[in-house]
Amino acid sequence: GQKTCIPHIMRIKLIIVGFHILGGDNMKYIVVLLALLVGSQAANAKTNERDTDLNVAIFEYLPDASTAIKKIEKAFERRYRSIDIDLELWNPYDDSFEDDGLSQIVDFDIVEIDSCRIDQLMQGTFGGLDPLPTEARPASNAYIGPAKTITATPIGQYLLPHWVCGNFLVIRSSNTNVVAAKSFDSFIEAVNPSMKKPVLAAMWGKTGLGEFYADAMLDLYGPEKTRDHLSLLASGKTDLDLKAKEEVLMLVKELSEHNQSHLEHYYNHSYLLPRQFASKENVDAVLLGYSERLYYTESELLLVPDVSPPSIKPDDVVVRQFSFGKESQGTPTWTDGFVIPKGRLSKKRAAIVAFLQFIQSEEAYLAFSEPTAYLAPSYLLPATAAAYDKTSQIVAKQPLLPKYRDVLDEKFPVSDSTIWQGMRAAGGILRKALKPNE
């Protein structure tokens, strides 16, 4: 029911009035009155205490992540008044405790991971996992793309999808030459950095370069051969495919001059390159990367007078998969989701279920969609199909979301650490080819 208490100022007035009426000689009555008031305050404080502490690790590589998790904490605690939730950002790609990696799993009740590591955790690495409670595990058809694919497997018993992602090609609709260039060869002919028609892409890092290599393998040879090849690369039993390697290096040559000279700077990929895409001087540039690159594009457009987000309209751009062949045969796609460290569910089942149900609600997704009110939308891709309903506030704030969903591929979900390590092995070799002296 409604909590009742005596406001602090009223308590002071009651003490003063009581003293005045009873007189200075009636101290025992005043002491009784004070005791009653202090007892009331203590009882009220106790009713405000939260019964359960819930510690959750959130994927740190999100736009304005610190602001978003504060909004999530407030919204969750408004709905669940008996739970004190603490959200912390962490890096599930690293293993070490010092780098906020997976070794910190022992400190949390729920953690968000990339599905490329789910097989290791299911096999008991870092202590293993508890299965998801059935009341917090929707059917696989509640999800889209790679999340839908992997939750139809045993992975769905342990991982609750939150986000999906992959590389997309974003082209201004006015750039008709590139829009019409569906094959790799025609695309290479349509772009030209020396004529202010560059590709703006985050093609660095072992995983980043390796992801593009895997995409080239997919388009040239299909999913089955690509998986086998990446598995062999992970164990050092094969070399890069020459054709796929050649095409990735050809694509790098189409990056802007600044892009090529700053391949190693993640800051430029996340901030500067999308902002270059926003510039009127780069109307023929194309953006290649994850959907949240639009967050930084929209952030740049906020500086334009009389422009408010979302400033990029669905008709302004074409979104599609990139093709390294005559057509795309798939794109590596990823799923970020929540898992429960072994032994936690039995201790805090009700609180864990509450969080897993809340985090996939429209209210929770909205906190991530617009971390700071009236500023740029994040353009993260929710894993749930319901989030893409055209009547939802999530789509209202991010009107390009349905375009991403329409072209989201599910042929090659990365849900195996061996495939991920194969990509990283490929990326390491490509880095040497690009910068042999580093």
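Let's begin with a pair of cysteines. The sulfur of Cys116 has its closest cysteine sulfur in Cys165, 9.7 Å away, which is too far for a bond. Keep in mind that this is a predicted model. A disulfide is a covalent bond between the sulfur atoms of two cysteines. To count as one here, the two sulfur atoms would have to lie within 2.5 Å. Seen from Cys165, the closest cysteine sulfur is that of Cys116, again too far for a bond at 9.7 Å. A search of the whole structure finds zero disulfides.

Are these cysteines buried or exposed? Cys116 is buried, with a relative accessibility of 0%. Cys165 is buried too, at 9% relative accessible area.

Next, have a look at the strands. Strands of a sheet pair through backbone hydrogen bonds, either parallel or antiparallel.

You can follow one pairing in detail. Strand E6, residues 168-172, runs antiparallel to E9, and four bridges join the two. Within this pair, Arg172 stands opposite Val317 of E9.

Helix H9 covers residues 223-234, which makes twelve residues.

Which residues of H9 are buried? They are Thr226, His229, Leu230 and Leu233. These four cover an arc of only 100° around the axis, so they lie on the same side of H9. The buried residues of H9 pack against helix H8 (206-221), strand E12 (412-413) and helix H18 (417-434). After H9 comes Gly236, with a positive phi near 70°.

Helix H3 (residues 65-79) can be checked in a similar way. Its 15 residues should span 21 Å at 1.5 Å a residue, which agrees with the 21 Å between its end C-alpha atoms.

The buried residues in H3 are Ala65, Ala68, Ile69, Ile72, Glu73, Ala75, Phe76 and Glu77. What covers them? The cover includes strands E1 (52-59) and E2 (83-90), along with helices H14 (345-358) and H15 (362-369).

Note on methods. Residues numbered from 1 in each chain as written. Predicted model: local features only at pLDDT ≥ 70, side-chain atom pairs only at ≥ 80, totals over all residues. Heavy atoms only, no water. Buried < 20%, exposed > 50% of the residue type's maximum accessible area, 1.4 Å probe, protein only. Pairing = 2+ DSSP bridges. Expected span 1.5 Å × (residues − 1). Arc of directions from axis to C-beta. Contact = heavy atoms within 4.5 Å.
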